[in-house]
Amino acid sequence: AAKQTLAVIGGDGIGPEVVAEGLKVLTATVGDAAFDLVPYDLGAQRWQRTGEVLPDSVLEELRGVDAIVLGAVGAAPGSTAIPSGLLERGLLLKLRFAFDQYVNLRPSKLYPGVVTPLSDAVVGRGPIDFVVVREGVEGLYAGVGGSMATGTAFEVANEVSVNTARGVERVVRDAFERALRRRKKVTLVHKHNVLVNAGGLWNRLFTAVAQEYPDVTTDYLHVDATMIMLVQDPQRFDVIVTDNLFGDIITDLAGAVTGGIGLSPSACINPEGTNPSMFEPVHGSAPDIAGQGVADPTATISSMALLLDHLGRPEDAARIETAVDADVAERGASRRSTSAIGDAIAARV
Ligand code: NAD
Ligand code: IPM
Ligand code: MN
């Protein structure tokens, strides 16, 4: 088979540290003949050096790759010189939007043996294994809004949540398709008791799409109650479908209750394959632990399984998943370095 090209954006903070381990495991799994790995120097340092966040020429080059691996972007340790959102919006969200990665897939499962803040009674109730299908290119992330009388006592600041019928229907449909391959349950999470316009649209389209999937059980929860259920009854979830911001918040809590954000992978998928999809951990650049070699690379390694699955290599993906399962089952509360975890998982694939 012809070599495929992977663009690699290590980014900032722990991003490059965890990406190195992800690529180590990827290469151990498929060898080095499968992919051309092309590093891209983007993030805080590039901006500080050149004032560039994501030049158009680089964006167009990335459009041609088979997939993108991203670590994290965001403020570097000690730096106060980077305006909040500059890299997040200008790089990460720009890629998600430009490549129409509208399915932001975020699986969560409680690995046996992992240390979790959940009570023994909750854990004892059975396996926790669900996936959040987060809408990736609309909602409050759309960048619609502005502020008036900025900096005065009369300031009015608006962020508008953009929800289109096409955008909502396609991601809801994706969630139902995934449910067919899982335990056949989809939970819509929103807050239509307050957000009547967007919530109404999501509700109507969710109900309409559900008619086409008579074998799939449906459920609705307000986002606030979802926080309770994630802690008290996470077994109730199979597929959660929700908007961009709710999905962001839900998946950090989902990570925390299933053993830590260092275990949570994600995939920003353009299902049509017109544009590259992007694979990245749910977590950020973690400036508080950057440079110490202590970040958990497991989330990035599991994201490589999502990448292989997306690129039509499900057996290779399963080998990474099995290796991660085995490593996590044995680690308990032991603390190893970032590279030691990468080495151990690479040795198992
Ligand atoms: P964060 O996810 O970077 O860190 C939150 C907490 O989790 C920190 O205590 C951190 O040490 C810990 N943590 C995160 N990843 C870990 C890992 N692999 N192993 C062990 N511990 C880990 O979130 P934050 O502190 O809110 O954000 C830091 C920066 O990252 C911000 O600039 C933010 O905008 C950015 N960010 C980027 C992405 C991304 O690029 N995908 C995602 C989230 C946040
Ligand atoms: C994530 C991050 C991003 C998001 C930020 C950094 C733009 O929190 O991937 O979860 O909100 O989507
Ligand atoms: Mn987030």
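Biologist: How many helices and strands does the protein have?

Modeller: The protein has 12 helices and 12 strands; helices (H or I, at least four residues) and strands (E, at least two) are DSSP runs numbered from the N terminus. This is a predicted model, where local features need pLDDT of at least 70, side-chain atom pairs count only at pLDDT 80 or more, and totals for chains, interfaces and linings use all residues. Residues are numbered from 1 along each chain as its sequence is written, while chains are lettered from A and ligands numbered from 1 in the order in which they are written.

Biologist: What share of the residues is buried?

Modeller: Of the 349 residues, 44% are buried. Buried takes 20 or more other C-beta atoms within 10 Å of the residue's own, exposed takes 12 or fewer, and partly exposed is in between, with C-beta atoms placed from the backbone.

Biologist: Helix 11 next. What span should its 18 residues have?

Modeller: Helix 11 (residues 314–331) should span 26 Å at 1.5 Å a residue, and its end C-alpha atoms are 26 Å apart, which agrees. The expected span is 1.5 Å times one less than the number of residues.

Biologist: Which residues of helix 11 are buried?

Modeller: Asp316, Ala317, Ile320, Ala323, Val324, Asp327 and Val328. They fall within an arc of 130° seen down the axis, so they line one face of helix 11; the arc is that of the directions from the helix axis to the C-beta atoms.

Biologist: Why would a spacing of three or four places do that?

Modeller: An α-helix has 3.6 residues a turn, so residues three or four places apart point the same way.

Biologist: And which exposed residues are on the face turned away?

Modeller: Pro314, Glu315, Ala329 and Glu330.

Biologist: What covers the buried residues of helix 11?

Modeller: The cover includes helix 1 (15–30), helix 10 (298–310) and helix 12 (338–348). Contact here needs C-beta atoms, placed from the backbone, within 7 Å.

Biologist: Switching to ligand 2. Which residues are around it?

Modeller: Glu88, Leu92, Leu93, Asp248, Val282 and Gly284, counting a residue as near if its C-beta atom, placed from the backbone, lies within 6 Å.

Biologist: Which helix gives the most to that shell around ligand 2?

Modeller: Helix 4 (residues 86–98), with three residues.

Conventions: Two residues are in contact if their C-beta atoms, placed from the backbone, lie within 7 Å.
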